[in-house]
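Here is a short briefing on one protein model. Keep the structure open as you read, and find each residue as it comes up.

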Amino acid sequence: MPKHRLLIAGDGDALTAKDGRLYGPNPAFTLDMKEAMRSVQKLLDFHIETVVCCHGGLCRGNIREQLE
């Protein structure tokens with residue numbers, strides 16, 4: 001949702017979260033880790049302030065740093 005600078009991360013193939021912190025793909029649920037990491041890299045093109053992860057909840061602040 002670009003207008004709100006919000007990313008909704010669906011099934012955990014690219015992003016997961018725990019305790020308000022973003023993490024990369026969970027290898028137990030990701031078939032192609034290289035592709036998942038390419039997906040994370042693409043997110044750097046967007047100005048994201050808030051991420052809602054299906055697996056882990058809400059993350060705010062320093063999103064770009066966490067994606068890097």
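Met 1, Ile 8, Val 52 and Leu 58 make a nonpolar surface patch of about 360 Å². Keep in mind that this model is predicted.

**Surface patch**
- One of the patch residues is Val 52, which lies in strand 4, residues 50-53.
- Val 52 has 32% relative accessibility, so it counts as partly exposed.

**Nonpolar core**
- The largest nonpolar core has 15 residues.
- Leu 15, Leu 22, Ile 48, Val 51, Cys 53, Ile 63 and Leu 67 have the most contacts inside this core.
- At least two residues of the core come from each of these: strand 1 (6-9), helix 1 (33-43), strand 4 and helix 2 (63-67).
- Leu 67 is in contact with Leu 15, Leu 22, Val 40, Leu 43, Leu 44 and Ile 48, leaving aside neighbours within four places in sequence.

**Salt bridges**
- The count comes to 3 salt bridges.
- Glu 49 and Arg 5 meet through their side chains, at 3.2 Å from N to O.
- This pair links distant parts of the chain, 44 residues apart. Glu 49 sits in the loop between helix 1 and strand 4, and Arg 5 in the segment before strand 1.
- Glu 49 is partly exposed at 39% relative accessibility, and Arg 5 is partly exposed at 37%.
- Arg 38 and Glu 35 form a salt bridge at 2.8 Å, N to O. They are 3 residues apart in helix 1, so about one helical turn separates them.
- Arg 64 pairs with Glu 68 in a salt bridge, with the closest N and O atoms 3.3 Å apart.
- Arg 64 is partly exposed at 46%, whereas Glu 68 counts as exposed at 61%.

Definitions and conventions: Residues are numbered from 1 along each chain as its sequence is written. This is a predicted model: local features need pLDDT of at least 70, side-chain atom pairs count only at pLDDT 80 or more; totals for chains, interfaces and linings use all residues. Side-chain values use heavy atoms; hydrogens and water are left out. Patches are made of residues with over 30% relative accessible area and no salt bridge: like charges are joined within 9 Å, nonpolar side chains (Val, Leu, Ile, Met, Phe, Trp, Tyr) within 5 Å. Accessible areas come from the Shrake-Rupley method with a 1.4 Å probe; for residues, only the protein chains shown count as cover. A salt bridge is a side-chain nitrogen of Lys or Arg within 4 Å of a carboxyl oxygen of Asp or Glu. Helices (H or I, at least four residues) and strands (E, at least two) are DSSP runs, numbered from the N terminus. Buried means under 20% relative accessible area, exposed over 50%, partly exposed in between (1.4 Å probe, protein chains only). A nonpolar core is a set of buried Ala, Val, Leu, Ile, Met, Phe, Trp, Tyr and Cys residues joined through side-chain atoms within 4.5 Å. Contact means heavy atoms within 4.5 Å.
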